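Me: I'd like to learn how to read a predicted model, feature by feature. Could you walk me through this one?

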Amino acid sequence: HPVRLPQELRQLGDMHYHGLLSGDLSNLNLHGAFTSRLGTITTYGTLSTDTSFADIRFTGEISTRKFRLGQFYKDADLGDIAFTAQAGAHYQAGQPLQAQGKMRISSFTFKDYTYKNLLINGSLAQQVFHGHIGMNDPNLTFTLNGELGFNKAPPWADIAFRLEHLRLGQLHLYDDCQDEDASLKMHLHFTSNDKEGNWLNSINGALRFDSIFLTNYGEEAHIERLELGINDSQRKTTLHILSEHLNMGISGSFDWTTLGATLQRFGHELFPSMIARDNTAHLPNDLDFYVYFKNLTSLARLGGDPDISIPRNPTIKGFIHESDRQFEVRTYIPAIENGNAATQDITCSLLHSNKQSTMLMALVQHTINLDSTKLRIGDVNVHFSATAKEDSIFTSLKFGNPDNMHADANIRMNARLDKYNSQPLASLHILPSVFYLKDTLWTLNDAHIEY
């Protein structure tokens, strides 16, 4: 049977390799060049060993001045690449492997932008990996230095990262950020007490960001620090984040890798026909969490809207207690102002108990002034509720403008979800209601919609 080459290799067209292999079994040398219609790659390598193969050394290098990477992968976003890569290794019987590598990418193109000067270095010695990545491009400048240690228990990592420039608009990655720039410093240190092949649940360490600067549309935000700490001891996990804009904490007895199974079990209680129960055996996940936001106006204006203002601090609190088969999330946003609109006292709560979930939302005040028409809609009270259980959702939307009577309504709907021959089915029942909107009376008749 003929051998079918992968699609990428077929893009190379006619391929030729011209080279010279010289030496003997104890010292081999290879020089050559690989040529295709997408470019030429030159190679060089040496392999030396003693007669007992107890001491082996290898060095190698490949390089290209221009290789059409986008055509090779048939990806229109990728362009040409030019690089030089070197590697070496030394093995001695009874000793840890030693290795080092270096790659310099002088240029590569992505989304019609040509990046320049990317350097990657790495070495492994005495079971410690040392690495460096750096780029000196006018629109992306950074350095990353790190160490990963396996030479003692527990394994450890220490990583430092410094970003001097990140201009997403100039890199053609995000059109709404033509004037954007960012810089920051980061340091990460952690250890893992993993004994069961599950390192995610045994991390202890800290992640710290310093001197974060963000600019866009003439607005600037400066975050002096952002810290994330995590401690895991005897299945008691604590995570916290501290910064000028965000304080967040999670604590409890839980397993990161089984949180998805816990949420899927809650979903199965609500929609047993639509969501399969995850029967993965695990201890109950019980945790509490909170999020406090601060100084959000400057961050919001980085998005390009100079009129938006969040004068007070939103909060999120809640818990997931799988042992009691309950969870709750409560959100409160005191106010959001945007030009002539001001929304205040926004609340949202979601409670799950006794195999049903209830969501309540409210906007206590929503004031709008339209200067062009001199119309002031006034205060609008909005209340929304939804209850989900046994494959059904019951909703109610109420809104009213008691001062000027521009709006008043109570709209109720019921929905049921099911499956037939593995295909989802949905039926929607709109209950009869009457609502008033800008001097007009509207009537919704009893209606049924099935899909």
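Me: Let's start with H90. Is H90 buried or exposed?

Reply: Bear in mind that this is a predicted model. The general idea is to look at relative accessible area, where under 20% means buried. H90 has 14% relative accessibility, so H90 counts as buried. You will find H90 in strand β5, which covers residues 78-92.

Me: Which side chains make polar contacts with the side chain of H90?

Reply: Here you look for N or O atoms within 3.5 Å, with a donor and an acceptor. The side chain of H90 meets that of D55 in a polar contact of 3.0 Å. Another polar contact, of 3.4 Å, joins the side chains of H90 and R57. If you set aside neighbours within four places in sequence, H90 is in contact with D55, I56, R57, L97 and Q98.

Me: What about a buried charge? Where does D137 lie?

Reply: D137 lies in strand β8, residues 128-137. When a charged residue is buried, it is worth looking for a partner of opposite charge. D137 is buried and has no salt bridge; K116 has the nearest side chain of opposite charge, 6.9 Å away. A salt bridge needs a nitrogen to oxygen distance within 4 Å. The side chain of D137 does make a polar contact of 2.6 Å with the side chain of Y113. Beyond residues up to four places away in sequence, D137 touches Y113, T114, Y115 and K116.

Me: How many salt bridges does a search of the whole structure find?

Reply: The search finds eight. One of them joins D77 and K111, with the closest N and O atoms 3.5 Å apart. This pair links distant parts of the chain, 34 residues apart: D77 is in the loop between α2 and β5, and K111 is in the loop between β6 and β7. Both ends can be read by accessibility too: D77 is partly exposed at 32%, and K111 is partly exposed at 31%.

Me: Which residue forms a salt bridge with E269?

Reply: That is R325, and the closest N and O atoms are 2.9 Å apart. This pair also links distant parts of the chain, with E269 in helix α3 and R325 in the loop between β18 and β19, 56 residues apart. E269 is buried, with a relative accessible area of 14%, whereas R325 counts as partly exposed at 42%.
A further salt bridge brings together the side chains of R330 and E328, at 2.5 Å from N to O. R330 is partly exposed at 48%, while E328 is buried at 14%.

Me: What is L20 in contact with, leaving aside its neighbours within four places in sequence?

Reply: L20 is in contact with N29, L30 and H31. L20 is in strand β1, residues 16-24, and counts as exposed because its relative accessibility is 54%. L20 and H31 are 11 residues apart in sequence and 5.3 Å apart in space, C-alpha to C-alpha.

Me: And the whole chain?

Reply: The protein chain has four helices and 29 strands. Of its 451 residues, 31% count as buried.

Notes. Residues numbered from 1 in each chain as written. Predicted model: local features only at pLDDT ≥ 70, side-chain atom pairs only at ≥ 80, totals over all residues. Heavy atoms only, no water. Helix = DSSP H or I, 4+ residues; strand = E, 2+ residues; numbered from the N terminus. Buried < 20%, exposed > 50% of the residue type's maximum accessible area, 1.4 Å probe, protein only. Contact = heavy atoms within 4.5 Å. Lys, Arg positive; Asp, Glu negative; His and termini not counted.
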